[in-house]
Amino acid sequence: NPQVLYLVALSYKYAGRPEEALATVHRAQKIEPSANLHILEGDLFFDKDRLQEAEKAYRRAIAASSESPEPYLQLAHIYRTQGQVDSALKVLDEVPSALQQKYPIIQNSLGSIYYAEGRAKDAIDAYQKALAFDPKYALVHYNLATVLRSLGRLNEAEQAYKNAIES
């Protein structure tokens, strides 16, 4: 049963036995590939610093199903750590809008990348879009406040900090 093998692979991962976890994932994929198995495979490769293999696994997860934001976020993280900011932004821009609405963490991640790249206006836009999807997302309020403060927009920053605390 692939679901049981998935759970066994997770157990191996959390027990610090990545090789057994990976072997179990591959065994399950032979029976019935799934997005969750590809994501777990990507995570295992990522943890072992096998980034090209992780990237391929996350791409397979996206192709199998676009129900989870995780493969998009992990791909963006890989690209960003490799200095490929444009690729990271492109991956996050490719996330289906329905998924972005369900998981505003996508817009939060876009905002964080934009801000790190000195693109404060784009960061603010991304954070505001995330808040339109989830007005109670405290981390986004905090991140928005940080950008606003860096621009000297102190009154707006103070309000965003208050919103973060109240969320």
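A residue is called buried when its relative accessible area is under 20%, exposed when over 50%, and partly exposed in between, using a 1.4 Å probe and protein chains only. The structure shown is a predicted model, in which local features need pLDDT of at least 70, side-chain atom pairs count only at pLDDT 80 or more, and totals for chains, interfaces and linings use all residues. Residues are numbered from 1 along each chain as its sequence is written, and side-chain values use heavy atoms, with hydrogens and water left out.

Select the whole chain to begin. Its C-alpha trace spans about 55 × 30 × 30 Å along the principal axes. Of the 167 residues, 42% are buried.

Next, colour by secondary structure (DSSP runs numbered from the N terminus: helices are H or I of at least four residues, strands E of at least two).

Then display the surface. The accessible area (Shrake-Rupley method, 1.4 Å probe) is about 9,000 Å², and carbon and sulfur atoms hold 50% of it.

Now select the charged side chains, with Lys and Arg as positive and Asp and Glu as negative, leaving out His and the chain ends. There are 19 positive and 21 negative side chains, and the centres of the two sets lie 1 Å apart; each charge is placed at NZ of Lys, CZ of Arg, CG of Asp or CD of Glu.

Finally, go to helix 2, residues 18–31, and select Thr-24 within it. This residue is buried, at a relative accessible area of 8%. Show its contacts (heavy atoms within 4.5 Å): setting aside residues up to four places away in sequence, Thr-24 touches Leu-5, Val-8, Ala-9 and Tyr-12.
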